[in-house]
Amino acid sequence: MANSELVTAADVQLMRGLAQRVTATRPDLVNGDATYGELAWNWGKGQASDGASWRRRLWFSGGDLVAWSWAHLPHQVRRSDGSVQDVTGAYLAYQVHPDHAGLVDEVIDWYGGTAAGIERTVRPRAADEFALKRWAAHGYETDPASLGDTGSWIQLNERDLTDLEQPVLPDGFRFRAADEAGPEAVVQAHLDAWAPSTYTAEGYQGVRQTEGYRGDLHILVEAPDGTMASSTIMWLDEANGTAEFEPVGTHPDHRRLGLARAMLLHGMHLARAAGALHMTVACLGAPGHPQARGLYYSVGFREFTRDAPLIGTRTAERRPGREPGCAGRPAGQGT
């Protein structure tokens, strides 16, 4: 049976387990917001502030999670500059195991019912031809905001961890681990890089408490004046021997000094020492957003796959012959 309620830490662990299983066989079909690292980051930093606006539904087969939906419903966002933004639309993160691809129709039905009457967006993988056809059949179209030179689509980049360059920092700068730098400095590093940001000390505590977070794989670059000038977290998926950078950011006063490049190389050396063989990182892919893509390409990453942002403004119709709440159950097989 499927169920629908608030997202919990236990749910996120199940979702991350599904991410690992899909990564092992069809990594091109892992949605960008459903990766092992992205799930941990989004849950950790946002649960305290946004958790009340999150709804989820889980589908099981033989005791294993085979699909999930995580709806981000309208809510208010408070930023570090004191501004408040009303988010009026809904966004869906989701994942379906390739062996249960037909469940995407149940995902779409549930999303339409949960976010009925409001604008709905979703980002399936461009490589998932079956899912794209099913979203289109339910009335979803390419999101206009994703088009053009400054479009909002995201690409996933990858590289293996052989033949790594040695990192070189400018004089006076040094690498620090988050446990050394301390919570206040770590949070400020993120706020400086992403201002205005929704990140808080409480959000960082949520990240630290997320299973799989390692302070030694959360690294920063300290400037001569003590400012944490750049920072990133690496999420290690030991089952697949992969690691993911999420997030990556640099203080605006310290950009174009080679800090982020050196930090990424240092991070990849640490990830390899921790057992990773492969690395991923995401960025905006449209031509008008060259900075992050150029940075990642400079340290050996190349595009692996990309998302396909979609938008739907009407409630999806249920297909005949399906019973709500018992989704994805083939004839004669329980869920």
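## Area between the domains

Buried area is the accessible area, taken with a 1.4 Å probe, that two parts lose on being put together, summed over both. In this predicted model, domain 1 and domain 2 bury about 2,100 Å² between them. Carbon and sulfur atoms give 59% of that area.

Three residues stand out on the domain 1 side. Tyr36, Trp41 and Ser80 supply 26% of the area that domain 1 buries against domain 2.

The contact takes 26 residues from domain 1 and 27 residues from domain 2.

Nine residue pairs are in polar contact across the interface of domain 1 and domain 2, with both residues of each pair at pLDDT 80 or more. The count of salt bridges between the two domains is zero.

## The domain 1 side

Which elements of domain 1 each supply at least two residues to the side that touches domain 2? They are helix 1 (9-25), helix 2 (36-50) and strand 4 (75-78). Helix 2 gives the most, with nine residues.

By class, this side of domain 1 has 10 nonpolar residues, eight polar residues and eight charged residues.

Definitions and conventions
Residues numbered from 1 in each chain as written. Predicted model: local features only at pLDDT ≥ 70, side-chain atom pairs only at ≥ 80, totals over all residues. Heavy atoms only, no water. Contact = heavy atoms within 4.5 Å. Salt bridge = Lys/Arg side-chain N within 4 Å of Asp/Glu carboxyl O. Polar contact = N/O pair within 3.5 Å; in protein donor to acceptor, adjacent residues only side chain to side chain. Helix = DSSP H or I, 4+ residues; strand = E, 2+ residues; numbered from the N terminus. Nonpolar A, V, L, I, M, F, W, Y, C, P; charged D, E, K, R; others polar.
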